[in-house]
Structure formats: structure tokens, C-alpha cells
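Please look through the structure below before reading on. The text after it goes through the two chains and then the places where their parts pack.

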Amino acid sequence: MNCQESPELLALYCDGELGALRAASVERHLHACTACATRHDAFLGLRADIRENVVYHTAPPGLRRRVSSPEDHVLRRSAILAGAAMGCAATVLALVLASVTIDYRETSSVRHQAVARHVDATLADRLVAVASEDRHTVKPWLTARLDFAPPVKDLAGEGFALVGARVDALDGRDVAALVYRYRDHRIGVFVRPRDGRDTEPELLAERGFNVVQVRRGRMEWWVVSDLNAPQLRDFAAALARDG
Amino acid sequence: MSGPSPSSRFAEIVLPHLDAGYNFARWLTRSRPDAEDVVQEACARALRYIAGFHGESGRAWFLAIVRNAAYDWLERNRSGELSDEASIEDVADESATPEAIVIRRAEGRMLAQAIAALPVGYREVLILRELEELSYKEIARVADIPVGTVMSRLARARALLMRSPYLHPIDERVAGGGT
């Protein structure tokens, strides 16, 4: 590979747009050429900075509610709606803000632990103690080792392949830690029994990971991954869905 | 035989991508209430056109509609921005939303401002690639430009960002290389 064309090729390479052969040739070149390796590092550094630091704006609950029953709302005249919508959004924001403040201490600590446990397990290469894509293998394995029966879902049809599971701990209690894979992304899922009302998937972030918390039917899921926020939220919603 | 109703198809095809649509609209308009209006308008259009949607990526399809709604909105309200030179001072100082309070770091704010200050044509390809993780082909479809233009705009957007004060140290290292 020639350095003259490398900036363009390098971008194609970093964006995953090259075929295997050309990607391999770029990789060989990166080992040999310090200047291009530095460019490559800068490129990945910028991407990591963007993905870790730049806020992913999720749809406000008020907007989600308004567009979720389209016949009733969306098709009405937008001028009327815009005014009402903004007032409504402000109220929702105030409510959310209040509950976030109350829950924040507890939530942030568990979120912190969930990310730390996921990172530790990834680095130590011990994400799973039982490796299987069959939930009929994983679920009994977990149930035998825990004092509750964690739901284990097969979401391969939606692109999320089960990799396996281990027993881990959150907040001083043994929990089920499931691992799924989506393309190149690993997804850590912590499941524990939890009283309290059901919640919609809530998106949080920590140390560059996206984290989604959701509660349903006396279970709570903490989902941790470098996968993008909307897909991770969809995944968490699918995990907590009935059936 | 009649198929599923437009509203159930809407729920199935569009709603899963509401966050993506809102994030995109937010980065295009750089304002929370405006992004809400744009997404609401985009949802109304999506519902109207949903019978014509067949098979391809629902995400790219909806993002293209959000983009059109956002551009219509920009044309009506801030037509200056569409004529390329977005001024840096124009960036709205966004009040922090709850999720932002949790996530935001000091560097993140600076980087976000640097991105918000990019001309909209560069900003949109960057957001679609780095935050939505779309392929060049999907970006081309959403932004209605050829793949070659996606590549050149991405390169330009990245170069502008790397030159922003936030990334100066890296920029100097890179500028020294190149044999």
C-alpha cells in the first residue's frame, strides 16, 4: 500500500468499508509505517472520544407517548400540538428530573458496579463460565447456582446471539450474568430479583459504555455494552418482554 | 385481504427507531423543542407514506424522513444555515437534560460543541456514521448524496474536528507524519 492513498484507504478501513483482502493489506502496512499508524491511532481516538463523550439524545418520554398512538395525536394540526407538546414536555422533564435525583445515588452505584464487573470479566477473559447458545443449557446451569430462576431469552432471531453465562455479584448479592453478542459487540446482562414497579428501559452511560436498566415482573436487568444506545435499548426491551 | 393497519406498521417499523430519529433531529436542529417538532412531523409523514415502505432498513428509511423534515424546518426558520457557513457562536447553549447530567463530561461538552459547530452537511454524515453507525451506503440513502460525497464529507468533517482546539495535541502529531 502506498502512503499517498493511505488517508482515504485508512478511513475506509476504520469505517469497516473494505473487503477482507484490502483490509489485510492495510493492516500489514500499519505494522510497517509509523506515520500511518499514528494517523490510525488519531482516527480511533477521535471515534472513541465521540462515542464515549458525546451525548446520545434519546427521545423524551412525552414525545414518545405522543407519537405512540398516531391516530389520536400526530395527524392533528401540528401548530396546536407544538404548544401543548412543549408544556407537556416541560412537566415530564421536571418529574423525570425529580425522580432521577432521588434514585441517582443508588442507581449510579449499581450502574458503576455493573460496568466494572463487565469490564473486569472482559479483561480477565472470563465472561462466561458456561458457554452455550442454548438457553435450555444456560438457564438450568444458573438456576442450580442461584436462589432464583433468571429468565434467559433466545434473541438470535433479532441478531443477538447468546454466548453463555456466569454467576457474578452486584450490591453484595449473587446475580446471573448473561453474555450476548451482536456483530462485534459483547453485551453483558445482569439479572436479579427486584421488588417495585415495572419500568421502561432507561438509558444511562458510564465510562464510555451504554447501560440500560429495566424492571419487569419482579426482575431487574442491567445491560452493559459498547453497542449503540438505541439498539441496546431495543435489546433490553426484548429481554424484559413477556413470553 | 387487507394487510396490517398503517398504525400497526408504524409501531413496528418506525417506533423502534424513535431514539435514532430524535438524536439525529437534535443534532440537525441543535435544539430540544425544535427536534421534538421535527420528529413529530417526521412521524406524521412516515405514517402517511408507510404503505410505500417495503423491506429495506426501517432505520435508514425513517432517518431519511427525519432529515427531510429537519431540512424543511431549517429552510423555514434558519435558512442561513443551509447555505453552508454555520457560525460557531450560533450554537445553542443547551440546558442539560437528565440523561445529559449523568453522562456529560467536561471534554464531552467541548467535543459536542465542536460537532454542533460543523456546517450541517458535514455534521449529518458524521453523526450518522459515528453515533448511528450506518454504513456509507445507508448514509448516502439517508442524506440523498452519492457514496463518494459521503466519503469526502466524512473526511472533511473529521479533519475539521481534529483541528478543533479540543484535539490540537493529536493534530500536531499527525501533521508531523506522512512519508
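The model is a predicted one. Chain A has seven helices and seven strands. Along the sequence these elements come in the order α-α-α-α-α-β-α-β-β-β-β-β-β-α. Chain A consists of 243 residues, of which 34% are buried. When contacts in chain A between residues at least 6 apart in sequence are considered, 51% of them join residues at least 24 apart.

Chain B is built from 11 helices and zero strands. Its pattern along the sequence is accordingly written α-α-α-α-α-α-α-α-α-α-α. Chain B has 179 residues, and 44% of these count as buried. For contacts in chain B between residues at least 6 apart in sequence, the share that joins residues at least 24 apart is 68%.

The next topic is the nonpolar core. In soluble globular proteins, nonpolar side chains tend to be buried together. In this model the largest nonpolar core has 100 residues. The residues with the most contacts inside this core are A:Val211, A:Val223, B:Val39 and B:Val66. Which helix gives the largest share of the core? That helix is H4(B), which supplies eight residues. In chain A, domain 1 (3-53) and domain 2 (105-240) both give residues to the core, so the core lies between these two domains.

Leaving out residues up to four places away in sequence, B:Val66 touches B:Gly21, B:Phe24, B:Ala25, B:Val38, B:Val39 and B:Ala42. One of these, B:Val39, is also listed with B:Val66 as having the most contacts inside the core.

Helix H4 of chain B, residues 58-77, also packs against helix H9 of chain B, residues 136-143. Two packed helices are described by the angle between their axes and the distance between the axes. For H4(B) and H9(B) the angle is about 35° and the axes are 8 Å apart. The crossing of H4(B) past H9(B) is right-handed. On the side of H4(B), the contact is made by B:Ala60, B:Leu63, B:Ala64 and B:Arg67. On the side of H9(B), it is made by B:Glu138, B:Arg141, B:Val142 and B:Ala143. Sorted by class, this contact has five nonpolar residues, three charged residues and no polar ones.

Most residues other than glycine have a negative phi, and most peptide bonds are trans. B:Arg30 is not a glycine, yet has a positive phi of about 60°. B:Arg30 sits in the loop between helix H2 (18-29) and helix H3 (32-49) of chain B. Is B:Arg30 buried or exposed? B:Arg30 is buried, because 23 other C-beta atoms lie within 10 Å and 20 or more are enough for that class.

B:Glu133 is also not a glycine and has a positive phi of about 55°. B:Glu133 is placed in the loop between helix H8 (120-130) and H9 of chain B. B:Glu133 has 16 C-beta neighbours inside 10 Å and therefore counts as partly exposed.

Back in chain A, helix H5 covers residues 78-123 and contains A:Ala116. A:Ala116 has 14 other C-beta atoms within 10 Å, so this residue is partly exposed. A:Ala116 and A:Glu206 are 90 residues apart along the chain, while their C-alpha atoms are separated by 9.5 Å.

A:Thr122 is likewise in helix H5 of chain A. With 15 C-beta neighbours inside 10 Å, A:Thr122 counts as partly exposed. Which residues does A:Thr122 contact when neighbours within four places in sequence are left aside? They are A:Leu127 and A:Arg186. A:Thr122 and A:Arg186 lie 64 residues apart in sequence and 9.0 Å apart in space, C-alpha to C-alpha.

A:Leu18 is partly exposed, with 18 other C-beta atoms within 10 Å. Apart from neighbours within four places in sequence, A:Leu18 is in contact with A:Leu12, A:Tyr13, A:Ala23 and A:Val26.

Definitions and conventions. Residues numbered from 1 in each chain as written. Chains lettered and ligands numbered in written order. Predicted model: local features only at pLDDT ≥ 70, side-chain atom pairs only at ≥ 80, totals over all residues. Axes fitted to C-alpha atoms, helices over the stretch in contact; angles between N-to-C directions. Helix = DSSP H or I, 4+ residues; strand = E, 2+ residues; numbered from the N terminus. Left-handed = near helix turned anticlockwise from the far one by under 90°. Contact = placed C-beta atoms within 7 Å. Nonpolar A, V, L, I, M, F, W, Y, C, P; charged D, E, K, R; others polar. Core = buried A, V, L, I, M, F, W, Y, C linked by C-beta atoms within 7 Å. Buried ≥ 20, exposed ≤ 12 C-beta atoms within 10 Å, placed from the backbone. Domains from an automatic or database assignment.
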